[in-house]
Amino acid sequence: MKLVFAGTPEVAVPALDALIASGRHEVAAVVTRPDAPAGRGRRLVASPVAERAEAAGIEVLKPVKPRDEDFLARLREIGPDACPVVAYGALLPRVALDVPAHGWVNLHFSLLPAWRGAAPVQHAVMAGDEITGASTFLIEEGLDSGPVYGTVTEEIRRTDTSGDLLTRLAFAGAGLLVATMDGIEDGTLKAVPQPADGITLAPKITVENAHVDWSAPALRVDRMVRGCTPAPGAWTVFRSERLKLIHATPVPERTDLAPGELSVGKNNVYVGTGSYAVELLWVQAQGKKPMRAADWARGVRIASGERLGA
């Protein structure tokens with residue numbers, strides 16, 4: 001089939017690569033978000049998908065909005081059979097959805113109807129799910145509500161951050177997306193409506209959502225830190241400044257600390273929670289680079305009785 005691929009961040013690149021390498025379909029163009037400011041100089045930078053497409057000699061379309069007339073006219077001119085989508089980042093209007101004969105097929109990183117929304121992987125980790133996966137579905141105007149073509153499953157490991165899990169799903173999902181395109185082309189694959197039960201929502205995780213509550217149980221704190229790594233980053237307050245929490249692990253044998261209370265040893269930093277302690281392994285102080293928690297503790301000279309949290 002002739003395809004127009006829509007995607008923006010790094011997590012979408014494996015799927016684009018897989019479609020290019022498939023040899024069965026033609027990626028005629030790529031749709032991505034406009035160049036955005038990045039870095040200290042805030043200069044405009046193309047998205048990872050745009051950079052990959054340009055390197056492969058594929059036409060790149062960067063509409064400000066996917067309802068822009070110039071974009072729609074070019075899309076109709078290309079005449080794609082289907083438009084595979086991975087983390088494009090903008091809502092597609094009906095006028096765009098109607099262009100390809102087989103519609104826009106989204107690769108979503110959950111087992112639908114669970115975790116519909118912008119942050120399915122983060123929410124799965126934070127909720128303590130043991131299994132997640134990826135789904136391909138036909139995009140409708142509802143939020144991730146369209147009929148599903150196929151799924152792959154993935155175990156959530158005990159130490160997974162959302163970044164770890166998303167990387168694995170990006171590659172597993174890339175194979176699923178290619179197989180979905182193959183099945184649509186040869187007529188062997190039909191989309192099945194999602195069940196009405198089991199719907200959960202996964203809205204975007206904001207910085208404020210990532211503020212750690214030390215009165216929560218240790219397992220919840222652990223899931224918060226892992227689910228918010230690498231973005232937006234779980235955080236707490238120490239001496240009126242934010243402290244980013246990059247890596248922590250529960251320590252069930254330490255039950256002697258009050259919520260937020262710090263205990264510092266030669267090579268260990270423990271914090272009390274609503275149940276047992278967690279050990280801080282990596283942190284990032286405001287304006288500093290990431291460092292081992294023990295090195296941070298030595299540098300700030302934590303006094304007896306000091307706590308984390310507002």
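**Figure 1. Lining of the largest pocket in the predicted model.** The residues that line the largest pocket divide into 26 nonpolar, 13 polar and seven charged; the structure shown is a predicted model. The space in this largest pocket comes to about 1,400 Å³. Its lining comprises 46 residues, of which Ala87, Tyr88, Gly89, Gly117 and Ala118 are the closest to the centre of the pocket. Strand S7 (104-108), helix H5 (120-126) and helix H6 are the elements that give two or more residues to the lining of the largest pocket.

Figure 2. Ala87, which is among the residues closest to the centre of the largest pocket, has a positive phi of about 50 degrees although it is not a glycine. The residue sits in the loop between strand S6 (83-86) and helix H4 (94-97), and Ala87 counts as partly exposed because its relative accessibility is 34%, a value between the limits of 20% and 50%. Trp115 likewise is not a glycine and has a positive phi, here of about 55 degrees, and its place is in the loop between S7 and H5. With a relative accessible area of 14%, Trp115 is buried, since that class takes in residues under 20%.

Figure 3. About 170 Å³ of space lies in the second largest pocket, which is lined by Val125, Gly128, Asp129, Glu130, Ile156, Arg157, Arg158, Leu219, Asp222, Arg223 and Arg226. Sorted by class, this lining holds three nonpolar residues, one polar residue and seven charged residues. Helix H7 gives the most to the lining of the second largest pocket, contributing four residues.

**Figure 4. The salt bridge between Arg52 and Asp17.** Side chains of opposite charge can pair when their charged atoms come close. In the salt bridge of Arg52 with Asp17, the closest N and O atoms are 2.4 Å apart. Arg52 lies in helix H2 (residues 48-55) and Asp17 in helix H1 (residues 13-21), so the pair ties together parts of the chain that are 35 residues apart in sequence. Arg52 counts as partly exposed at 28% relative accessibility, and Asp17, with a relative accessible area of 28%, is partly exposed as well.

Figure 5. A search of the whole structure finds 18 salt bridges, among them one in which the side chains of Arg94 and Asp98 meet at 3.0 Å from N to O; Arg94 is partly exposed, its relative accessible area being 36%. Glu306 forms a salt bridge with Arg239, and the closest N and O atoms of this pair are 2.8 Å apart. The pair links distant parts of the chain, with Glu306 in the segment after helix H8 (293-300) and Arg239 in the loop between strand S10 (234-238) and strand S11 (241-251), 67 residues apart. Glu306 is buried, with a relative accessible area of 19%, whereas Arg239 counts as partly exposed at 43% relative accessibility.

**Figure 6. A nonpolar surface patch at Leu143, Ile199 and Leu201.** These three residues make a nonpolar surface patch of about 290 Å². Leu201 is placed in the loop between helix H6 (162-186) and helix H7 (218-227). Leu201 counts as exposed because its relative accessible area is 54%, which is over the 50% limit for that class.

Definitions and conventions:
Residues numbered from 1 in each chain as written. Predicted model: local features only at pLDDT ≥ 70, side-chain atom pairs only at ≥ 80, totals over all residues. Heavy atoms only, no water. Patch = residues over 30% accessible without salt bridge, like charges linked within 9 Å, V, L, I, M, F, W, Y side chains within 5 Å. Areas by Shrake-Rupley, 256 points an atom, 1.4 Å probe, with all protein chains shown as cover. Salt bridge = Lys/Arg side-chain N within 4 Å of Asp/Glu carboxyl O. Buried < 20%, exposed > 50% of the residue type's maximum accessible area, 1.4 Å probe, protein only. 1 Å grid on protein atoms, 1.4 Å probe; cavity = no way out; pocket = protein on both sides within 12 Å on 5 of 7 lines; lining within 4 Å. Points joined across faces, edges and corners; volume = space filled by probe spheres on them. Nonpolar A, V, L, I, M, F, W, Y, C, P; charged D, E, K, R; others polar.
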